Amino acid sequence: MEKSAVNILIRPETATDHEAIRHVNRLAFGQDAETRLVDALREGYYVRLSLVTEQAGQVVGHILFSDLPIIAEAGILPALALAPMAVLPEFQNQGIGSALVRCGLDECRQQGQRIVVVLGHTHFYRRFGFSSEQARRLESPFAGEAFMAVELVPGALEGVIGQVRYPPPFEGL
């Protein structure tokens, strides 16, 4: 059961947050792969939205959305990958991750984005509308129930059959 996230601030990342974002991802995932991914996506200009959560002036969470075009018969359909999303271990299960996802999806919708894809925990991401059913016609290096999509605009994936094209920084994960 999640506790309610209280006294948190969610805001766009700034350049001064980069080391704190590395710290959050390193501790949340127990490795550096996600920190390298975030840095490489930023350096390659693939990032479309990167938010941090602050509590008492400390960055305790991070979420990133990057370009993920869908190559379909009718052409290239823009979409986003949600990866990674992390919260410092001592702040997990307090609703911070959920608040980050909700805020991130709302901001993506306001930016005019239509589709977001995630590879993640089905129990967690389904509560935000993600489903493997929405992603079933998308060819990807990832498969199974953990590969999910959500339509930010109803019908955005209707009739879409295509291949997602992860940016090069995702290779080797």
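Student: What should I know before I start?

Tutor: Residues are numbered from 1 along each chain as its sequence is written. In this predicted model, local features need pLDDT of at least 70, side-chain atom pairs count only at pLDDT 80 or more, totals for chains, interfaces and linings use all residues, and side-chain values use heavy atoms, with hydrogens and water left out.

Student: What is the strand order in the sheet of six strands?

Tutor: First, the terms. Strands (E, at least two residues) and helices (H or I, at least four) are DSSP runs, numbered from the N terminus. Two strands pair if DSSP finds at least two bridges between them. Here the six strands run in the order 1-2-3-6-7-9, as an open sheet with mixed pairing. From one strand to the next, the twist averages 25°.

Student: How many bridges join strand 6 to strand 7?

Tutor: Three, and the two strands run parallel. A81 stands opposite V117 in strand 7.

Student: Which strands does helix 3 lie across?

Tutor: Contact means heavy atoms within 4.5 Å. Axes are lines fitted to C-alpha atoms, for helices over the stretch in contact; angles run from 0 to 180 degrees between N-to-C directions. Helix 3 (residues 96-110) lies across strands 1, 2, 3, 6, 7 and 9. Its angle to strand 2 (47-55) is about 145°.

Student: What is the order in the open sheet of four strands?

Tutor: The order is 5-4-10-8, with mixed pairing. Strand 5 (75-77) and strand 8 (138-139) are its edges. Two bridges join strand 8 to strand 10 (residues 162-164), running parallel. E139 has Q163 in strand 10 as its bridge partner.
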